[in-house]
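This report goes through one protein model, part by part. Keep the sequence and the structure in view while reading.

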Amino acid sequence: IAQFNWQDPLGSKNLLTAEEQAVSETAEQYCQARLLPRVLQAYRDEHYDPEILREMGDLGLLGATIDGYGCAGVSSVAGALITRAVERVDSGYRSSMSVQSSLVMGAIHDFGSAEQKERYLPDMAKGKLIGAFGLTEPNHGSDPGSMEAVAREHPQKQGYYLLGGSKTWITNSPIADVLVVWAKLQETGKIRGFLVDRKQCPAGTLETPAIKNKTGLRASITGMIHLADCPVPKANMFPEVEGLRGPFTCLNSARYGISLGTMGALEDCIARARTYALERKQFRGNPLAKYQLVQKKLADAATDAAYGVLAAIQVGRLKDEGKATPEMISMIKRQNCDRALHNARVLQEIFGGNAVSDEYGIGRHVANLYVCQTYEGQSDIHSLILGRAITGVQAFV
Ligand code: TGC
Ligand code: FAD
């Protein structure tokens, strides 16, 4: 007789190939052995150790879905199982990895010239070069189409643009070697992608100050990008892609990764709350786990996590067959982030006063999951993307 497994209630493991299971095990082992012991102090100190990307690179965990350039070339589901393993420890570590893998390596792979790919991808796959993705601006977050960053012809130097403008809330920016910056080309008004290579930028033209004292995602580093007439070779522009299709194509992959990643964070909340509920006794020596209200909280969370994992696997399969639509990704990004945040907040109640101590880890997940629900399209924005697809009526303008 089949046994119920509270850690995989709907048997999602049966849907994975042997290779996917092996990738998942490698990632889970690394994350539990090497990341988990560091996260509490890193979160307290608001410190990100760039060595983490090198360690991930050594294990083949970066840009894992890319074929060639030293990357593993695994399925979308396997790639997302890596994000789930990392986010089981902390969404901030996953964030840094998602930016590197999906948003920067993905952008270069999908839109870069042959020379750009050769120059950056192999070192990024090893974590020797760190990437950042600059789309959001101080005045334009949900509506990046209104961005103000601009690239104009260099008046003196042929073959160069001058980039000007500011980006904010940019993961990895203070430590990034290569920054994908989206800006409007002055001559056409169209959005284009530029590879801003820190070592090519003259002093004072590129600043990337860190944003300190965050209330979530403290184990990752976040900053701004200020470009003051920064000269960028024309050869550093993505040659073909124009308009929002460029950044949003990369976001499709990153949003997909988050959909399974946040299930890792929720699964960790469930495991922590279950252990606590079994150990903590109230009223005549009974464990909290005996009480029906506590059991319901665990049942609700486990159900949402199990459904979320299955949905993400399904969309990953369609993605690899070229059948996934952006709306499907909006649906699972929204649903899984919302359910992860909601359930994490409810499970936090099981810890009573102890939830307020960072030693229990649950408050860290709650704070992180608020950010996951906000970045890469806030949940209400994804509701409007879905509403537009369902009704055919545009809500944004
Ligand atoms: P809209 O008219 O809808 O589209 C403009 C053009 O873009 C194309 N497009 C897509 N292409 C591929 N995939 C998608 N998902 C696409 N969505 C749109 C579209 O076909 C069109 O192409 P064309 O050729 O006709 O011009 O544009 P809009 O201005 O009305 O957009 C509205 C909206 C809400 C869809 C969009 O702006 C949006 O999604 N806003 C959310 C912003 C966002 O997600 N920002 C993310 C910043 S990066 C980040 O947060 C990284 S955090 C990383 C980490 O730390 O983990
Ligand atoms: P706003 O766009 O000002 O929205 C505020 C609120 O209004 C939201 O709830 C939104 O849903 C709502 N709203 C907006 N428009 C509408 C509407 N038409 N109808 C109904 N409601 C609406 N960006 C990057 O480019 N790269 C990164 O690496 C990156 N990393 C990040 C890391 C962190 C820690 C954080 C916090 C953010 C990061 N972001 C990054 C930025 C992130 O993508 C934006 O914060 C997000 O897109 C929302 O934009 P905003 O903060 O400007 O909010």
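The model is a predicted one.

## Around ligand 1

Ligand 1 is surrounded by 26 residues, and the closest are Ser-95, Gly-145, Leu-244, Phe-248 and Pro-326. Sorted by class, this shell holds 13 nonpolar, 10 polar and 3 charged residues.

Three helices, α4 (91-111), α6 and α10 (379-391), each supply at least two residues of the shell around ligand 1. The largest share is that of α6, with 6 residues.

UniProt, in an unreviewed entry, lists residues 17-128 as "domain: Acyl-CoA dehydrogenase/oxidase N-terminal". In the model this span is 74% helix and 4% strand. The C-alpha atoms at its ends are 30 Å apart.

## The nonpolar core

How many residues does the largest nonpolar core have? It has 111, and Val-104, Leu-163 and Val-181 are those with the most contacts inside it. Helix α6 (residues 245-279) contributes the largest share of this core, 14 residues.

Apart from neighbours within four places in sequence, Val-181 is in contact with Gly-134, Ala-149, Leu-163, Lys-167, Phe-194, Val-196, Ile-225 and Leu-227.

## Helices α3 and α4

Two packed helices are described by the angle between their axes and the distance between the axes. For α3 (residues 76-89) and α4, the axes come within 6 Å and cross at roughly 145°.

On the α3 side, the contact is formed by Thr-83, Val-86, Glu-87 and Val-89. They meet Ser-91, Tyr-93, Arg-94, Met-97 and Ser-98 in α4. By class, the residues of this contact are 4 nonpolar, 3 polar and 2 charged.

## Two positive phi angles

Most residues other than glycine have a negative phi. Leu-217 is not a glycine, yet its phi is positive, at about 50°. Leu-217 sits in the loop between β8 (206-207) and β9 (222-233). Phe-283, again not a glycine, has a positive phi of about 65°. Phe-283 is found in the loop between α6 and α7 (292-320).

Are these residues buried or exposed? Leu-217 counts as buried because it has 29 C-beta neighbours inside 10 Å, and 20 or more are needed for that. Phe-283 counts as exposed because it has 8 such neighbours inside 10 Å, and the limit for exposed is 12 or fewer.

## The start of the chain

Gln-7 lies in the segment before α1 (18-45). Gln-7 counts as exposed, because it has 12 C-beta neighbours inside 10 Å. Where along the chain is Ala-271 relative to Gln-7? The two are 264 residues apart along the chain, while their C-alpha atoms are separated by 8.0 Å.

Terms used. Residues are numbered from 1 along each chain as its sequence is written. Chains are lettered from A and ligands numbered from 1 in the order in which they are written. This is a predicted model: local features need pLDDT of at least 70, side-chain atom pairs count only at pLDDT 80 or more; totals for chains, interfaces and linings use all residues. A nonpolar core is a set of buried Ala, Val, Leu, Ile, Met, Phe, Trp, Tyr and Cys residues joined through C-beta atoms within 7 Å. Two residues are in contact if their C-beta atoms, placed from the backbone, lie within 7 Å. UniProt positions are given in the numbering used here, feature names are shortened, and annotations may be inferred rather than shown by experiment. A residue is near a molecule or strand if its C-beta atom, placed from the backbone, lies within 6 Å of it. Ala, Val, Leu, Ile, Met, Phe, Trp, Tyr, Cys and Pro count as nonpolar, Asp, Glu, Lys and Arg as charged, and the others, Gly among them, as polar. Axes are lines fitted to C-alpha atoms, for helices over the stretch in contact, and angles run from 0 to 180 degrees between N-to-C directions.
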